Amino acid sequence: RDADGVMETTHSTLHSEEVKESIGSDRKRGSRKDRHNGKRSKAEPRGRKNHEKQQGISKEQLDETTYFFRDGLRFVKPYYYKYETFAKERWIDRPLIEVMNQEFPARKESHARQLESGKLYIERAGEKVKETFQHADKLVNIVHRHEPPVADAPIQIIHQDDNYIVINKPSSILVHPSGRFRHNSILFILAKEHNLPDLYPIHRLDRLTSGVLILCKSSKVASESAEEVRSATIHKEYLARVIGEFPSDPIEVNEPISTPRPGKGIGQVDEDGKSSITKFHRAYYDLISNTSIVRCHPISGRTHQIRVHLSHLKHPIIDDELYHPDRKTVQVDPKQMLPGDDADPDCSDCQHPHLDPNESDLILSLHSWKYTLGSHTFVA
């Protein structure tokens, strides 16, 4: 993953971090019987988790919903989405309502309503059933999906040929569909607004990081390019605006980084962490604001590596809420995140609408400035 790659979390039914840990625990550990036999449960087929990422984006998926725009933000109109997961070993011979109440206790009050409305059921051989779980059954939940807004910023295409498309990624938008973000991701927006439904990013950028993002037009080219990324033949350079007067001499930080909270993206310098090297060079210091523009060259590619190393140097990025603890977020006259029409009585997001973020809170002063891949250099 890239130096500022991050796995996003979510809070929706059947795909929250808590839920993924819960329903995925059998996949990670296997049941006692499966571990003893050294094989996978037949209820857990291989490769379904990344199906959407691997198969491109279909017209049917693009037609699920539409965008609308307000106050500098891009919104996705809430839509119905079918989540499904194969039965876990611990669910076998147990009723659906019992499983749901135990696995997802925070939503107990909505389970009975969803069962009654037909949005929550067991699927067996393509048919809805009301009996207890059996092997190869699927748990199906049709949810009213709400996606958080992102910045309404254009995706600038800075290069395109037969193999590659290179964009200037706006801040606040995830590259891949993940967590609560699906249509509000780079891949879906490019598919819907630029007719590019089958793209393969060869590196990641954090959701809040802007700048150069390289995507391939075929899986073959993506595999070859990803090999270059892994072999460190790609040169990456970022620009960051940091607090204080950064030293004028070049600095190399060789400090290992660990992520003590898996899935949360919070990294820290830790002698027991993974080897991490970043080179820094001050480009400019502004006396009035007491901030510096710093060129950042990550040699390795740990989660939030640049941000962690800058914080370690006591020069955090000015608007980095994770690694600049003095940075305060203030909501000014917030509005409801989503309109109230077409509300679903079984949807907790409809009943308890979120608030719009401030546009400034969706921006991080870290920019992927320059990428060199082979003989090609891309600048944004």
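**Close-up 1. Ile214 and the residues around it.** In this predicted model, in which local features need pLDDT of at least 70, side-chain atom pairs count only at pLDDT 80 or more, and totals for chains, interfaces and linings use all residues, Ile214 is in contact (heavy atoms within 4.5 Å) with several residues, among them Tyr164, Val166, Tyr200, His203, Leu373 and Phe378, once its neighbours within four places in sequence are left aside. Residues are numbered from 1 along each chain as its sequence is written, and side-chain values use heavy atoms, with hydrogens and water left out.

**Close-up 2. The largest nonpolar core.** A nonpolar core is a set of buried Ala, Val, Leu, Ile, Met, Phe, Trp, Tyr and Cys residues joined through side-chain atoms within 4.5 Å, where buried means under 20% relative accessible area, exposed over 50%, and partly exposed in between, with a 1.4 Å probe and protein chains only. The largest one has 54 residues, and those with the most contacts inside it include Ile167, Ile214 and Phe280. Its largest share, six residues, comes from helix H7 (residues 186–194); helices (H or I, at least four residues) and strands (E, at least two) are DSSP runs, numbered from the N terminus. A second, separate core of twelve residues includes Ala87 and Val129.

**Close-up 3. The salt bridge between Asp356 and Arg70.** Side chains of opposite charge can pair when their charged atoms come close. A salt bridge is a side-chain nitrogen of Lys or Arg within 4 Å of a carboxyl oxygen of Asp or Glu, and by this rule the count comes to 17. Between the side chains of Asp356 and Arg70, the N to O distance is 3.3 Å. Because Asp356 lies in the loop between H10 and strand S18 (366–373) and Arg70 lies in strand S1 (residues 67–70), the pair ties together parts that are 286 residues apart in sequence. Asp356 counts as buried, at 5% relative accessibility, whereas Arg70 counts as partly exposed, at 24%.

**Close-up 4. The salt bridge between Lys220 and Glu224.** Here the N to O distance is 2.8 Å, and both residues lie in helix H8 (residues 219–230), four residues apart, which is about one turn of the helix. Lys220 is exposed, with a relative accessible area of 57%, while Glu224 counts as partly exposed, at 43%.

**Close-up 5. His324 in its loop.** His324 is found between helix H9 (305–312) and helix H10 (348–351), and it counts as buried because its relative accessibility is 12%. Not counting residues up to four places away in sequence, His324 touches Ile243, Pro316, Ile317 and Ile318.
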